[in-house]
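I opened the model to look up its nonpolar core and the packing of its helices. The entries follow in the order I made them.

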Amino acid sequence: MSFLTVVIVPLAWLVDTLLALYTIVVIAAVVVSWLIAFGVVNMNNANARQIVRILDALTEPVFRPVRRIIPPIGGLDLSPLIVLIAIELLRIFFANLFAYILIHV
């Protein structure tokens, strides 16, 4: 096993895992926002507020630029959908990149 293989395989796993975890964070943020909108989650609860703050801190830096390009349409925010599509494209790109590096180097 070459040195490059020892480096690339864990790096590929790490990148893919981080992108998969961020997908879960985006989905959780969307679900929590729906629960707040429908009054299921009580924002007077300190634990609920803390979870919402954490999810906002993790997702807003990515959602904000997307919202500047594609504003909410009829009250429907499409930025999480665009971000999820971008994450999947990044996962495919990095998987192919790492496979190409392993095969050709």
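**Core**

I looked up the largest nonpolar core: it has 15 residues, of which Tyr-22, Val-26, Leu-55, Val-83 and Ile-87 touch the most other members. A nonpolar core here is a set of buried Ala, Val, Leu, Ile, Met, Phe, Trp, Tyr and Cys residues joined through side-chain atoms within 4.5 Å, with buried meaning under 20% relative accessible area (1.4 Å probe, protein chains only). Helix 1 (3–37), helix 2 and helix 3 are the elements that give two or more residues to this core; helices are DSSP runs (H or I, at least four residues), numbered from the N terminus. Helix 1 supplies the largest share, 8 residues.

I note that the model is predicted: local features need pLDDT of at least 70 and side-chain atom pairs pLDDT 80 or more, while totals for chains, interfaces and linings use all residues. Residues are numbered from 1 along each chain as its sequence is written, and side-chain values use heavy atoms, without hydrogens and water.

I listed the contacts (heavy atoms within 4.5 Å) of Val-26, leaving aside neighbours within four places in sequence: Thr-59, Phe-63, Pro-80, Val-83, Leu-84 and Ile-87.

**Helix 2 and helix 3**

I found Val-62, Phe-63, Val-66 and Arg-67 of helix 2 meeting Ser-79, Pro-80, Ile-82 and Val-83 of helix 3.

Terms used
Buried means under 20% relative accessible area, exposed over 50%, partly exposed in between (1.4 Å probe, protein chains only).
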